[in-house]
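Got your viewer open and a selection tool handy? Here's a short tour, one pick at a time.

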Amino acid sequence: WLHGLGDTADGWASLMPALDIPDTKFILPTASSIPISVNNGIAMPGWSDIYKLHHDSDEDKKGMTKSFERIKNLINAEIDKNQ
């Protein structure tokens with residue numbers, strides 16, 4: 001479960017039991033605090049930078065890749081625990 005910009009995993013943890021999905025382990029990471037360009041560079045939890053709020057604006061590919069690698073490592077760690 002990945003939270004939205006400026007949020008943390010803590011805001012979602014209490015809701016997971018309400019999903020009522022038996023035999024499921026929820027992993028709720030919190031994004032690193034990074035400067036967000038669209039918010040005047042204010043640092044907040046974010047999976048990648050947001051440069052502009054426009055459908056054709058550039059995307060923070062480096063930030064997305066960093067978050068992808070982090071999530072991939074969390075998944076692989078869970079797989080390794082259960083082998």
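Select N40 to begin: is N40 buried or exposed? N40 is exposed, with a relative accessible area of 74% (buried is under 20%, exposed over 50% and partly exposed in between, using a 1.4 Å probe and protein chains only). Bear in mind that this is a predicted model, where local features need pLDDT of at least 70, side-chain atom pairs count only at pLDDT 80 or more, and totals for chains, interfaces and linings use all residues. Residues are numbered from 1 along each chain as its sequence is written, and side-chain values use heavy atoms, with hydrogens and water left out.

Stay on N40 and check the backbone: phi is positive, about 60°, though N40 isn't a glycine. Most residues other than glycine have a negative phi. N40 sits in the loop between β1 and β2 (42–45); helices here are DSSP runs of H or I with at least four residues, strands are E runs of at least two, and both are numbered from the N terminus.

Now jump to D23, in the loop between α1 and β1 (33–36). D23 is another non-glycine with a positive phi, about 55°, and D23 counts as exposed at 85% relative accessibility.

Last stop: select W1 and W12 together. They form a tilted aromatic pair, 5.1 Å centre to centre with 50° between the planes. (Rings of Phe, Tyr and Trp, the last by its six-membered ring, pair if their centres lie within 6.5 Å; planes under 30 degrees apart are stacked, over 60 edge-to-face, the rest tilted.) W1 lies in the segment before α1 (10–13) and W12 in helix α1, so the pair ties together parts 11 residues apart in sequence. W1 is partly exposed at 44% relative accessibility, and W12 is partly exposed at 27%.
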